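User: I am new to this structure and would like to go through it by question and answer. Please start with the terms.

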Amino acid sequence: MVFLPSRWLLRLYTSGLRLFWNRIVESKFLNKLITIAKPISMDLERSKKHVSLIVSKGEILSIGTNEFKTHPAAKKIGYRYDEMHSELSALIRCTERKNLHLYNFRFNRFGEMRLARPCCLCLPWCKAVFKTIHHSTPNGIVKLEYEWNSNSSQGISPSIAPHLKL
């Protein structure tokens with residue numbers, strides 16, 4: 001007698017395989033992003049070596065770092081000394097405005113990952129612009145949990161919106 005699994009059992013098995021496969025693909029993608037961000041970060045002449053990658057459909061659209069440069073948008077947001085944060089630097093360089101995902105990385109001088117969560121000034125407009133936000137921690141990459149709504153600006157200041165070209 002041949003045992004044939006029920007449809008329910010077969011569906012459970014295939015969904016488990018799909019979930020396992022998605023995690024493998026995602027971890028390979030994150031490793032690829034880390035190998036791109038780490039050398040850029042290590043070349044920065046700053047103590048805080050932040051790198052932001054903007055990704056859409058598995059393709060890197062823009063890379064930004066903390067910069068000593070000033071920008072009108074940085075002044076509107078209220079950054080200290082009007083210096084650009086890596087998230088803003090990456091967004092200014094990005095031409096696309098739909099289906100964006102943010103990956104923030106920070107490394108210390110030894111190349112170890114550190115906490116790179118967007119600051120309290122960046123977070124409101126990042127939530128309005130990016131579908132997902134991932135950031136590094138000493139233990140790995142974490143996805144920031146929030147509800148994204150493409151139709152609303154989610155509390156973004158109207159004075160910042162023209163500079164971010166939303």
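Analyst: Strands here are DSSP runs of at least two residues marked E, numbered from the N terminus. The model is predicted.

User: In which strand does Histidine 134 lie?

Analyst: Strands are numbered from the N terminus. One of them covers residues 132-137, and Histidine 134 falls in this strand, β6.

User: Is Histidine 134 buried or exposed?

Analyst: A residue counts as buried under 20% relative accessible area. Histidine 134 has a relative accessible area of 11%, so it is buried.

User: Which residues does Histidine 134 touch, not counting those up to four places away in sequence?

Analyst: A contact needs heavy atoms within 4.5 Å. With residues up to four places away in sequence left out, Histidine 134 touches Leu102, Tyr103, Asn104, Ile141, Val142 and Lys143.

User: How many helices and strands does the protein chain have, and what pattern do they follow?

Analyst: The protein chain has five helices and seven strands. Read along the sequence, their pattern is α-β-β-β-α-β-α-β-α-β-β-α.

User: Which element gives the most to the largest nonpolar core?

Analyst: The largest nonpolar core has 21 residues, and Ile54, Leu88, Trp125 and Phe130 have the most contacts inside it. Two or more residues come from each of α2 (72-77), α3 (86-93) and α4 (123-129). The element that gives the most, with four residues, is α4.

User: What share of the residues of the protein chain count as buried?

Analyst: The cut-off for buried is under 20% relative accessible area. Of the 166 residues in the protein chain, the buried share is 39%.

Note on methods:
Residues are numbered from 1 along each chain as its sequence is written. This is a predicted model: local features need pLDDT of at least 70, side-chain atom pairs count only at pLDDT 80 or more; totals for chains, interfaces and linings use all residues. Side-chain values use heavy atoms; hydrogens and water are left out. Buried means under 20% relative accessible area, exposed over 50%, partly exposed in between (1.4 Å probe, protein chains only). A nonpolar core is a set of buried Ala, Val, Leu, Ile, Met, Phe, Trp, Tyr and Cys residues joined through side-chain atoms within 4.5 Å.
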